[in-house]
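Please read these notes with the model open beside you. Each point can be checked by finding the named parts in turn.

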Amino acid sequence: MIKMKEIDIRKLPIGLRLKIYERALFLNKKGLKSSEIRMEVLKKWNLLISKKTIYRWITNRHKACRQLRIFTPTPSKELSYVIGVLFGDGTLKNERKNYQYKFILRTKDRDFAEYFSNQISKLLNFPSGYKIRTENGFLRKGGKGYVVSVSNKMLFHFLSKDDEYLMNYVKEYPADFIRGLFDSDGFTIISCGKNFRVGFGIVNTNIKILEFVKNLLRDNFGITSKIYTTIKKGHKVKIWGKIYTANKTVYGLVSSGLNNAKKFLRFISSSIRRKREKLEDAIYIIENFPTNFRVSEWLKIYKKEGREWIRIAG
């Protein structure tokens with residue numbers, strides 16, 4: 001006689017898992033015990049479920065999908081933002097041994113992590129919110145960063161689709177999509193030489209994404225921009241004092257000028273305070289000080305560390 005192997009319930013499709021679970025509860029109400037329910041499931045689906053699993057179900061210790069969050073791919077502000085983060089700092093990770101399908105954000109900005117957690121919690125109807133944990137070792141300059149890890153198989157498979165497919169889901173809410181991408185890979189442009197100028201930019205290794213963003217900015221917000229190559233594949237680049245070799249070509253989308261910056265801040269903005277403040281401060285200086293005073297006013301509140309302007313006042 002061939003002994004049948006018990007199946008890992010987590011490997012079953014969600015729909016089938018729920019059917020078996022509901023059947024087990026129904027049979028238990030009819031007076032059947034765990035071992036009897038097990039045999040009924042075997043007859044109906046040719047699947048051997050462990051008696052412990054069935055016992056936990058009928059005693060309400062476990063549910064078939066205890067932590068399941070149903071994801072339906074419908075255009076929304078939250079989904080647009082999440083896709084924007086995916087195209088930037090977000091990472092998909094499939095841990096098959098543990099049956100985990102994760103979407104992970106790692107960032108140095110606590111406010112970015114909080115906003116992302118808020119948006120993806122709304123998307124997956126998770127009122128208590130996804131936790132933010134601290135982690136050391138992944139920032140170039142050392143120190144701690146912030147991590148949000150979301151495990152959801154349906155969302156994982158949706159976000160695993162090609163970029164052009166996902167782009168169709170952000171067109172109704174372009175501001176949220178661009179905000180997610182800017183929070184990830186965006187930067188404020190401050191020209192502080194003879195003349196004082198302001199702008200913003202986004203970098204990405206996929207030029208099609210930047211071309212898509214360029215069109216969204218122009219068609220929805222009247223913001224003009226240009227795309228250029230920032231780093232070619234194989235070239236050396238210095239980041240935080242260390243030399244790296246680029247394994248992909250990096251492209252940059254740049255939008256300059258006061259009007260473009262004001263429109264961006266008004267309609268799109270950023271969840272990250274330091275990025276948002278630079279735009280606000282630069283716009284304020286341009287609108288409130290004569291040309292020959294703007295650089296000196298900027299240097300009263302900012303200093304440059306490497307390639308980044310750091311606020312020192314207020």
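**Notes on the model**

1. The charged end of Lys-275 sits over the ring of Phe-182, at 5.2 Å from the ring centre. A charge sits over a ring if NZ of Lys or CZ of Arg is within 6 Å of the ring centre and within 35 degrees of the ring normal. Lys-44 also has its charged end over a ring, that of Trp-45, 5.4 Å from the centre.

2. This is a predicted model, in which local features need pLDDT of at least 70 and side-chain atom pairs count only at pLDDT 80 or more, while totals for chains, interfaces and linings use all residues. Residues are numbered from 1 along each chain as its sequence is written, and side-chain values use heavy atoms, with hydrogens and water left out.

3. An open sheet is built from 4 strands in the order β5-β6-β10-β7, with antiparallel pairing. Strands (E, at least two residues) and helices (H or I, at least four) are DSSP runs, numbered from the N terminus; two strands pair if DSSP finds at least two bridges between them. The edges are β5 (186-192) and β7 (226-231), each with a single partner strand, so one side of each has no neighbour in the sheet. Neighbouring strands here are turned by 35° against each other on average, direction ignored. Axes are lines fitted to C-alpha atoms, for helices over the stretch in contact, and angles run from 0 to 180 degrees between N-to-C directions.

4. Within this sheet, 7 bridges pair β5 with β6 (residues 196-204) in the antiparallel sense. Ile-189 stands opposite Gly-199 in β6. Helix α11 (residues 273-288) packs on the sheet and touches β5 and β6, its direction making about 155° with that of β6. Helix α12 (residues 294-301) also touches β5 and β6, and its direction makes about 130° with that of β5. Contact means heavy atoms within 4.5 Å.

5. Another open sheet of 4 strands has the order β1-β2-β4-β3, and its pairing is antiparallel. Which strands stand at the edges? They are β1 (91-95) and β3 (132-136); each has a single partner strand, so one side of each is left without a neighbour in the sheet. Strand β3 is joined to β4 (residues 144-151) by 5 bridges, and Arg-133 stands opposite Val-147 in β4. Helix α5 (residues 110-123) lies across β2 (100-107), β3 and β4, running at about 150° to β2.

6. Helix α4 (residues 77-86) is mostly covered, with 8 of its 10 residues buried. Buried means under 20% relative accessible area, exposed over 50%, and partly exposed in between (1.4 Å probe, protein chains only). The buried residues of α4 pack against β1, β2, α5, α6 (153-159), α7 (163-167) and α8 (174-185). Ile-83 is among these buried residues.

7. The largest nonpolar core has 62 residues, and Ile-83 and Ile-178 touch the most other members. A nonpolar core is a set of buried Ala, Val, Leu, Ile, Met, Phe, Trp, Tyr and Cys residues joined through side-chain atoms within 4.5 Å. Helix α9 gives the most to this core, with 7 residues. Leaving aside neighbours within four places in sequence, the contacts of Ile-83 include Phe-158, Leu-166 and Phe-177. A second, separate core of 13 residues includes Leu-27, Ile-37, Val-41 and Trp-57.

8. The model has 19 aromatic pairs, where rings of Phe, Tyr and Trp (its six-membered ring) pair if their centres lie within 6.5 Å, and planes under 30 degrees apart count as stacked, over 60 as edge-to-face and the rest as tilted. Phe-177 and Phe-212 form an edge-to-face pair, 5.7 Å centre to centre with 65° between the planes. This pair links distant parts of the chain: Phe-177 is in α8 and Phe-212 in α9, 35 residues apart. Phe-177 counts as buried because its relative accessibility is 0%. Trp-298 and Tyr-302 are stacked, with 4.0 Å between centres and 5° between planes.

9. Strands β11 (residues 302-305) and β12 (residues 308-311) run antiparallel and are joined by 4 bridges. Their hairpin has 2 residues between the strands, and Gly-306 takes a positive phi near 65° there.
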